Structures are given as structure tokens and as C-alpha cells.
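Visitor: I would like to learn how to read a few features of a structure with you. Could we look at one together?

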Amino acid sequence: MKKPSYDWVLFDLDETLLDFPVASALTHTLQIYGVQADDASMAQYHALNHGLWQQYNDGEIDATALQQTRFSLFAQQVSADPMAMNNTFLEQIIALSMPLEGVVETLQQLRSKVRMGIITNGFSVPQRGRLGKLGAAGDLRRDPGDQAGASYFPAHPLPDGAAGSGPGADGGG
């Protein structure tokens, strides 16, 4: 039996290569801003965020509108800029993300054998920052053949049915 040959291996980033610490990032962000979040306000945030991701995936709003609006309720409580809160949240996601077990070693083994890339519906800034957590193994733009590059960060939501698509599929990054 002939061994299969692959030119490319594509990875999802969240919970495939790296954990996605959205709950911890949200908690840290709220603590940084001094927001007192009870169960009701957290439920309200999650409902709003879910609805915004649905609108984003349906093409009804852009990424900026999603990011600006999702922290509006908490920002009002402490007279903060919602986009600044969002940026802190994204920074926390980067800071708290860690490679999953065995990922770095696997990527190092694959580097010289195949081209590798990322397909994600996450926003490019935190996703690129999180790739740095993989060290040299995370340079998935490295092409062993022609150095052409491989990482893909969509400018638009993934189409319905695509891997990782759906409302808030990436949890808010």
C-alpha cells in the first residue's frame, strides 16, 4: 500500500494548536478595569457577544463593530472606552494562550516535510500574537520548497459550514 503524500497541512489555531483561554481573558480584562460582573451581567455579555458573532458571520456587521459593541455594557459601568477594553481582552488572550501538549514537537517534525498553514475565523492581531507562543515551530509561513508563505487570516467571516464557522465559534477573539 502506497503511503499518502501531502503538500500542505492546514491547522485551526483554537483548541488544535493552542488553547483558547477566553473565559480567563475576560475575567482578567474585567479585573483590570475594575468591573464588578455578576452572573446577570455576564449572561448579558455572553448573549450580546453571541448575537454580534452571528451578525458578523452573516455579514451584517464588520469586525470593528463587533469589537466595539461587545464591551459596551461593561464600559458604561466604569466610564471606559469599549474598544480599549476589547484591545485589553485581545492582549489577555495572547498572554494566556499556551500550546497544547505535543504541538511544538509535531510542528517541528512537519516543518521540513510539508507546507503548513492556519485557517481561522479569529481576528488577525491576536491570532498572529498567539502564533508566537509556538516559537520557531509556529512560523507556519515557512515553506520548505519555495518560501511562498502559508498563513491565512481572512478579511471576512468564514462561509456557513466552513470549519470553525458559526456564531462566536472562536469564542470572541
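Visitor: In which helix does Q67 lie?

Guide: Before that, a word on the source: this is a predicted model, where local features need pLDDT of at least 70, side-chain atom pairs count only at pLDDT 80 or more, and totals for chains, interfaces and linings use all residues. Residues are numbered from 1 along each chain as its sequence is written, and side-chain values use heavy atoms, with hydrogens and water left out. Helices here are DSSP runs of H or I with at least four residues, and strands are runs of E with at least two, numbered from the N terminus. Q67 lies in helix 3, which covers residues 63-70.

Visitor: Is Q67 buried or exposed?

Guide: Buried means under 20% relative accessible area, exposed means over 50%, and partly exposed is in between (1.4 Å probe, protein chains only). Q67 has a relative accessible area of 12%, so this residue is buried.

Visitor: With which side chain does the side chain of Q67 make a polar contact?

Guide: A polar contact is a pair of N or O atoms within 3.5 Å; within protein, one must be able to donate a hydrogen and the other to accept it, and residues adjacent in sequence count only if both atoms are side-chain atoms. For Q67 the partner is the side chain of N86, at 2.7 Å. Contact in general means heavy atoms within 4.5 Å. Leaving aside neighbours within four places in sequence, Q67 is in contact with P82, M83, N86, L90 and F123.

Visitor: How many aromatic pairs does the structure hold?

Guide: A pair of aromatic rings is described by the distance of the centres and the angle of the planes. Rings of Phe, Tyr and Trp (its six-membered ring) pair if their centres lie within 6.5 Å; planes under 30 degrees apart count as stacked, over 60 as edge-to-face and the rest as tilted. The structure holds six such pairs. One of them, Y45 with F74, is stacked, at 5.7 Å centre to centre and 25° between the planes.

Visitor: Why does the pair of Y45 and F74 tie together parts that are apart in sequence?

Guide: Because Y45 lies in helix 2 (residues 39-57) and F74 in helix 4 (residues 72-78), the pair joins parts 29 residues apart in sequence. Y45 is buried at 3% relative accessibility, and F74 is buried at 2%.

Visitor: How is the pair of W53 and Y56 arranged, and what separates them in helix 2?

Guide: W53 and Y56 are edge-to-face, 5.5 Å centre to centre with 85° between the planes. They are three residues apart in helix 2, so about one helical turn separates them.
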